[in-house]
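Keep the viewer open as you read.

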Amino acid sequence: MSGGRPGPLLVRLPNWLGDLVLAWPVVESAAARGAAFVGPPAFSSLLRSRFPSSTYLPATRARRYALVGPIRALHPSSALLLTDSFSTALLAALAGIPTRIGYAAEGRGFLLTQRVRRAGPSRSAARAAEYRVLGEAAGLSEIREAPSIRATPREIGGGATALERAGFAGGAYAVLAPGASYGPAKQWGAERFAEVGAHAARSHGLALVVVGSAGDRSVAAAVARGATAEGARVFDVTGATDLGELVGILASARAIVSNDSGVMHLAAALGRPTVGVFGSTSPAWTSAAAPWVANLYAAYPCSPCFRRTCPIGYRCLAAIGTDSAATALDRLLA
């Protein structure tokens, strides 16, 4: 860009919903400075409805480098990479962004002009704090300590419509999120979710809403069958909602029970009572820290291993009993 004002900050968003939520305080601060964003297409509505003056460029894995031209057209002065991937650093370099800020991970250090040092080994500090350090390195200020998201009226209405399509006629409900796209080492199990859901129905008079992506339909159906057999009213919208509708459903829920997933982080950021179950991952790294959140973690000797699958039988998950989740749910709803 020749003369005039310097170009905008370009922020490459994380690819996972949970990570986006953990990075939300940085995203808010960047948007207030007029930043442009690059991220998955699914996140577009979430950002555009809240930061309408910011440019959003959808990025897909199949056409990740097709954005070189559109990014150059924005003439960004700097790029803040909230990802650790080599490819996102290469994209920023190919687009000719003069200042490229990020952690030197995946051998991409030579592509960065400003390599940010971690305070300790990777995954040893809270992920939200790691994002905050990156934001500060990019000159952002007034970054919140914890993510906070408020559902828009459109999202609330969309969530209600999605529930109506599933046959829900109104009333109080709890949300169950038994899936996790990361892998089975994050999934507590259909039988346990059904049991905790049945407890929510019996003890608190709540209907149950099961949510997730299309890939979670099998486990969601098993949860629905199990909870229905225990007398609960269950409405399964798995794979039938977009992100905005999911936000609306979570924002109107009495409580949420979820694996360590995007749903857990989104529910916590919306201020809803949330029970999060951790298996191979670490609550020290990715927990949602708030008084309305209960993080269940067995601290099994081999965890956190961060594996997607487990060769010895997922004992870290099996060690978390449904009574622990039920007790946590009761406390949050008291």
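1. Let us start with the second largest pocket of this predicted model. The residues of its lining fall into 17 nonpolar, 5 polar and 3 charged ones.

2. This second largest pocket holds about 330 Å³ of space. It is lined by 25 residues, and those closest to its centre are Ala-146, Pro-147, Ser-287, Ala-288 and Ala-289. If you want to see which elements to colour, α1 (17-22), α6 (127-137), α11 (262-269) and α12 (283-286) each give two or more residues to the lining.

3. Next, please look at the sheet. It is open and has 6 strands, which follow the order β3-β2-β1-β4-β5-β6 with parallel pairing. The edges are β3 (56-58) and β6 (114-116), and each of these strands pairs on one side only. On average, neighbouring strands in this sheet are turned by 20° against each other, direction ignored.

4. Which helices lie across β1 and β4? One is α2 (residues 24-32), which lies across β1, β2 (36-39) and β4 and runs at about 140° to β2. Another is α5 (residues 86-94), lying across β1, β4 and β5 (99-103) and running at about 175° to β4.

Note on methods:
Residues numbered from 1 in each chain as written. Predicted model: local features only at pLDDT ≥ 70, side-chain atom pairs only at ≥ 80, totals over all residues. Heavy atoms only, no water. 1 Å grid on protein atoms, 1.4 Å probe; cavity = no way out; pocket = protein on both sides within 12 Å on 5 of 7 lines; lining within 4 Å. Points joined across faces, edges and corners; volume = space filled by probe spheres on them. Helix = DSSP H or I, 4+ residues; strand = E, 2+ residues; numbered from the N terminus. Nonpolar A, V, L, I, M, F, W, Y, C, P; charged D, E, K, R; others polar. Pairing = 2+ DSSP bridges. Axes fitted to C-alpha atoms, helices over the stretch in contact; angles between N-to-C directions. Contact = heavy atoms within 4.5 Å.
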